[in-house]
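Me: I would be grateful for a close look at a single part of the structure shown below. Please begin with one residue and then set it in its wider context.
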Amino acid sequence: MTEEDRRTGRDESEDERADRMWGELIQEVRVAQTGVQILFGFLLTVVFTPKYDRLEHANQILYIVTVVLGATATGALIGPVSLHRLVSGRSVKSQAVRWASRLTFVGLVLLLATMTAALLLILRVATHDGYVPWLVAGVVTWYLLCWFALPMWARHRHTTR
């Protein structure tokens with residue numbers, strides 16, 4: 001057993017490992033893509049509602065920022081599919097997996113920003129109470145715990161060096 005086999009706990013070649021990691025990454029991306037596409041589609045319709053014209057200027061700016069964030073998140077989360085399609089058959093799968101993984105991480109960060117901005121916008125329109133920033137901060141904290149803190153803790157706790 002090589003050092004790499006001991007590290008991964010698998011008896012697989014670099015190509016087999018890249019294939020496995022690609023399959024896992026694509027499954028993860030499918031979940032995030034669906035969420036961001038539904039949110040982005042909803043955001044695109046808001047500007048065509050009668051209530052949009054009655055929004056305060058600050059809320060219209062927040063809406064524009066939210067739409068741009070949603071567009072960038074969508075791009076980053078669809079990026080791995082395009083990357084794979086364009087480099088498929090070129091013997092660069094392990095590099096493609098690394099780039100796709102980075103795009104996915106950036107997409108998740110942008111999705112977090114999009115969801116934060118969308119939640120802030122919706123709560124600002126739905127209520128003008130001073131507790132809105134606290135609610136948004138609480139939800140963002142929850143996202144950070146679920147999406148980043150817990151996985152990093154598990155990675156640190158259960159990964160051998």
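Where is Val-68 found?

Reply: Val-68 is found in helix 3. This is a predicted model, in which local features need pLDDT of at least 70 and side-chain atom pairs count only at pLDDT 80 or more, while totals for chains, interfaces and linings use all residues. Residues are numbered from 1 along each chain as its sequence is written, and side-chain values use heavy atoms, leaving out hydrogens and water.

Helix 3 covers residues 57–87; helices (H or I, at least four residues) and strands (E, at least two) are DSSP runs, numbered from the N terminus.

His-57 is exposed because its relative accessible area is 59% (buried means under 20%, exposed over 50%, partly exposed in between, with a 1.4 Å probe and protein chains only). The C-alpha atom of His-57 is separated by 18 Å from that of Leu-44, and the two residues are 13 apart along the chain.

Between helix 3 and helix 4 (93–126) there is a loop, and Ser-91 lies in it. The phi angle of Ser-91 is near 60°, a positive value in a residue other than glycine. Most residues other than glycine have a negative phi. With a relative accessible area of 75%, Ser-91 is exposed.

Since Lys-93 belongs to helix 4 and Asp-19 to helix 2, the pair ties together parts that are 74 residues apart in sequence. Lys-93 is partly exposed at 31% relative accessibility, and Asp-19 is also partly exposed, at 42%.

Arg-20 takes part in a salt bridge with Glu-12, where the closest N and O atoms are 2.8 Å apart. Arg-20 is partly exposed, with a relative accessible area of 21%, whereas Glu-12 is buried, at 17%. The side chain of Arg-20 also meets that of Glu-24 in a salt bridge, at 3.3 Å from N to O. Arg-20 and Glu-24 are 4 residues apart in helix 2, so about one helical turn separates them. Glu-24 counts as partly exposed at 37% relative accessibility. Through shared partners, these salt bridges join Glu-12, Arg-20 and Glu-24 into one network. Helix 2 comprises residues 14–46 and also includes Asp-15, which is exposed, with a relative accessible area of 58%.

The protein chain as a whole has 5 helices and 0 strands. Its radius of gyration is 20 Å, well over the 15 Å that the globule rule gives for 161 residues, so the chain is more spread out than a compact globule (the radius is taken over C-alpha atoms, and the rule is 2.2 Å times the number of residues to the power 0.38). Along its principal axes, the C-alpha trace spans about 65 × 35 × 15 Å. Of the 161 residues in the protein chain, 32% are buried.

Conventions: Salt bridge = Lys/Arg side-chain N within 4 Å of Asp/Glu carboxyl O.
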